[in-house]
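Please open the structure in your viewer and keep the selection tool at hand. The stops below are meant to be visited in order.

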Number of protein chains: 2
Amino acid sequence: MTDRTARPVRVLLVDDQPLLRTGFRMVLGAEEDLDVVAEAGDGVEAVDLSRRLLPDVVLMDIRMPRMDGVAATRAIVDARLPVRVLILTTFDLDEYVVGALRAGASGFLAKDVPAEDLVTAIRTVAAGEAVVAPRILKRLLDRFADVLPDPSATPPRSLAALTEREREVLVQVARGLSNSEIAAELSVSETTIKTHVGHVLTKLGLRDRVQAVVLAYETGLVRPRG
Amino acid sequence: MTDRTARPVRVLLVDDQPLLRTGFRMVLGAEEDLDVVAEAGDGVEAVDLSRRLLPDVVLMDIRMPRMDGVAATRAIVDARLPVRVLILTTFDLDEYVVGALRAGASGFLAKDVPAEDLVTAIRTVAAGEAVVAPRILKRLLDRFADVLPDPSATPPRSLAALTEREREVLVQVARGLSNSEIAAELSVSETTIKTHVGHVLTKLGLRDRVQAVVLAYETGLVRPRG
DNA sequence: CCCGATCTCCTCCCCGGGGAGGAGGCTCAC
DNA sequence: GTGAGCCTCCTCCCCGGGGAGGAGATCGGG
């Protein structure tokens, strides 16, 4: 409907109540930088539309027919779509909150949130940050602060099976280099690199270097940014 | 010069002098199609805000604490953000100009530029074109016209250049899928996927899908799940 | 001293990926 | 209506990547 330069934050509305969707659409439509690109009436539709339209933010209800919002969130996150999910529900029960956040949601708000707070939250989530309603957050922290996962630990996976040299080659692969470029970089022959790459793929059960790059990022062997 | 009824141009102001930022904000605020979305006081903030807000244009000072404008420009450009940098400085020394443009800046103006010229320049840069103050340009050409780099290749390397479908395909590529797998996933022929992938590579100036995966992670199109 | 692991390098072979150069249909803007 | 994008699909062609199946060299430990 609009242009594809994705300037405004593109939002997908997911709720089984059409009336409520209409209300939200009007609220968000008043914001210049928010663009409701589609609506879904249940989780299945939500996942499908997320995959096809790649919205920046999905405003997701929890209680819905066919597939609930938590399952839909998990499906979207597991599919690794570049899509953030902001849960917006009538019930801020703890189980919902925990389930949704575990599923990978970027935020959790109650439906009675002021319009201004909602649009702010959408922008925040679109920017890659997270939002949880203060009241809900407080309860969350009270209950789970002591069991928060250790952020320092992110152990490499099957990468341990690799030799020093193989890991080194994998890093170069994950920089987008070709075999010949890596050979030049490490001052060995291209054949040698091919051998190393072959070993890496075999040991990690991967099909090609593309999957090797994905795994390198997912395991943290290499990290985005710099 | 034609498409100005569309969404506003989102601008990030970067200068270490708050007063000067205020002045610019007022000037730009008077323009309906310009939208100052944020301000930064140094290069570090500028890079961070660019990454998070993806403004269309960054108005960048050069002399700043922590990280100067040239380094910040380079960081933004290297991250392949769909963001154009317009340098705006008190000093139009040649070293600054060359350094900034080498770093990937889309324009270079002196701070004493008339307000009208500035807003025009912003629109021009936002449209993907470049602007250098005539006086500065003259000096540049005098010195470097004979060593100008090959103009044949250096296309816009920005995810924003991609169509909806191309971005969608890129996401699948970045999941490690083959063309035939993506074809099955999206219910089209493998040939179509090859076409889309080809366009993605061409538009982003990449060599193969491996580099596409790297870029997808580096730009945040897809993110590792920690 | 010999074994296993690692790193190095080779050839032969096949296939998927990517470029070139199309074409038809569709929608929207002018 | 005309044209510009976009999405869809095709063929022909080439090359880099990856598998198979080796081999020689080094080094540490049993």
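**Before starting**

This is a predicted model, in which local features need pLDDT of at least 70, side-chain atom pairs count only at pLDDT 80 or more, and totals for chains, interfaces and linings use all residues. Residues are numbered from 1 along each chain as its sequence is written, chains are lettered from A and ligands numbered from 1 in the order in which they are written, and side-chain values use heavy atoms, with hydrogens and water left out.

**Stop 1: chain A**

Select chain A and colour it by secondary structure. Chain A has 10 helices and six strands. Helices (H or I, at least four residues) and strands (E, at least two) are DSSP runs, numbered from the N terminus.

Chain A has 226 residues, and 48% of them count as buried. Buried means under 20% relative accessible area, exposed means over 50%, and partly exposed lies in between (1.4 Å probe, protein chains only).

A contact means heavy atoms within 4.5 Å. Taking the contacts in chain A between residues at least 6 apart in sequence, 63% join residues at least 24 apart.

**Stop 2: DNA strand D**

Which part of DNA strand D do the atoms within 4 Å of the protein belong to? Sugar or phosphate accounts for 67% of them, and bases for the rest.

Now show the polar contacts (pairs of N or O atoms within 3.5 Å; within protein, one must be able to donate a hydrogen and the other to accept it, and residues adjacent in sequence count only if both atoms are side-chain atoms). The side chain of Arg165(B) has an N or O atom 2.9 Å from a phosphate oxygen of DNA strand D. Thr195(B) has a polar side-chain atom 3.1 Å from a base nitrogen of DNA strand D. The elements giving two or more residues to the surface near DNA strand D are α9 (190-204) of chain A and α9 (190-204) of chain B. Of these, α9(A) gives the most, with five residues.

**Stop 3: DNA strand C**

Select DNA strand C next. Of the 17 residues around it, Thr163(A), Ser189(A), Thr191(A), Lys194(B) and Arg209(B) come nearest. They belong to a surface of three nonpolar, nine polar and five charged residues.

An N or O atom in the side chain of Thr163(A) is 2.7 Å from a phosphate oxygen of DNA strand C. Thr191(A) places a polar side-chain atom 3.2 Å from a phosphate oxygen, and Asn179(B) has a backbone N or O atom 3.4 Å from one. Two or more residues of the surface near DNA strand C come from α9 of chain A, and likewise from α9 of chain B. The most is given by α9(B), with five residues.

**Stop 4: Ser189(A)**

Zoom in on Ser189(A), in the loop between α8 (179-186) and α9 of chain A. Is Ser189(A) buried or partly exposed? Ser189(A) counts as partly exposed because its relative accessibility is 37%.

**Stop 5: Asp61(A)**

Select Asp61(A), in the loop between β3 (57-60) and α3 (69-78) of chain A. An unreviewed UniProt entry places the feature "modified residue: 4-aspartylphosphate" at Asp61(A); UniProt positions are given in the numbering used here, feature names are shortened, and annotations may be inferred rather than shown by experiment. Asp61(A) has 3% relative accessibility and therefore counts as buried. Leaving out residues up to four places away in sequence, Asp61(A) touches Val14(A), Asp15(A), Asp16(A), Gly69(A), Leu88(A), Thr89(A) and Lys111(A).

**Stop 6: Asp15(B)**

Finish in chain B with Asp15(B), in the loop between β1 (9-14) and α1 (18-29). Asp15(B) is buried, with a relative accessible area of 4%. Among the residues that Asp15(B) touches are Asp61(B), Met64(B) and Lys111(B), not counting residues up to four places away in sequence.

Technical notes. A residue is near a molecule or strand if one of its heavy atoms lies within 4 Å of it. Ala, Val, Leu, Ile, Met, Phe, Trp, Tyr, Cys and Pro count as nonpolar, Asp, Glu, Lys and Arg as charged, and the others, Gly among them, as polar.
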